[in-house]
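Me: I have a model open and would like to go through its features with you. Could we start with the backbone?

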Amino acid sequence: GSVYYRQELFDRAAHAFAIVEHQQPDNAAASNNRAESLIRLQRFEEARSAIARAVKLQPDNGEILLNAAGIHALLRDDKTALAFLKKAMANGITPEMISMHRELVSLSERPEFMEYYKSQQSKEQPRK
């Protein structure tokens with residue numbers, strides 16, 4: 001699947017990752033990678049289903065949560081996207097990583113996210 005993805009053969013990649021999901025039902029990476037392939041094919045509803053499976057398998061995986069935020073942003077489900085974005089940051093995703101996802105940049109600039117981000121920064125400040 002990864003080889004097909006790098007070759008931009010996204011239909012083949014999605015199919016290969018689906019086979020892995022079937023053979024290894026607990027493989028969150030396969031579900032996440034299938035979701036990414038489906039996004040490239042603009043099959044967003046299928047991608048949402050695949051990422052939901054990955055999140056269920058690894059609910060604290062920052063990269064999976066970031067991808068979930070991206071899928072929901074593409075589907076214009078901003079409330080859910082923001083919730084996943086916040087959880088992704090709580091699990092190690094940095095603003096720099098968010099900035100690489102075009103669909104998330106505008107969400108990360110919203111007041112409700114900025115308030116959350118500032119609250120997280122203040123938690124990270126060393127106490128004097």
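Me: Is glutamate 8 buried or exposed?
Reply: Glutamate 8 is exposed, with a relative accessibility of 57%. Here buried means under 20% relative accessible area, exposed over 50%, and partly exposed in between, with a 1.4 Å probe and protein chains only.

Me: Where does glutamate 8 lie?
Reply: Glutamate 8 sits in the loop between α1 (2–6) and α2 (10–23). Helices (H or I, at least four residues) and strands (E, at least two) are DSSP runs, numbered from the N terminus.

Me: What about the phi of glutamate 8?
Reply: Glutamate 8 is not a glycine, yet its phi is positive, at about 60 degrees. In general, most residues other than glycine have a negative phi.

Me: And what is the phi of glutamine 42?
Reply: For glutamine 42, a residue other than glycine, phi is positive and near 60 degrees. Glutamine 42 belongs to the loop between α3 (28–40) and α4 (44–57), and at 61% relative accessibility it counts as exposed.

Me: Before we go on, what kind of model is this?
Reply: It is a predicted model, in which local features need pLDDT of at least 70 and side-chain atom pairs count only at pLDDT 80 or more, while totals for chains, interfaces and linings use all residues. Residues are numbered from 1 along each chain as its sequence is written, and side-chain values use heavy atoms, with hydrogens and water left out.

Me: Change of topic: how many helices and strands are there?
Reply: The protein has nine helices and zero strands.

Me: How much of the protein is buried?
Reply: Of its 128 residues, 34% count as buried. Among contacts (heavy atoms within 4.5 Å) with a separation of 6 or more, 50% are between residues 24 or more positions apart.

Me: Now the largest pocket. How much space lies in it?
Reply: The largest pocket holds about 470 Å³ of space. Of the 16 residues that line it, Glu36, Asn67, Met100, His101 and Glu103 are the closest to its centre. A pocket is an open set of points on a 1 Å grid over the protein atoms alone, where a 1.4 Å probe fits, with protein on both sides within 12 Å along at least five of seven lines; lining residues have an atom within 4 Å of a point. The volume is the space filled by probe spheres set on the points, which are joined across faces, edges and corners.

Me: Which helix gives the most to that lining?
Reply: α5 does, with six residues. α3, α5 (62–74) and α8 (102–108) each supply at least two.
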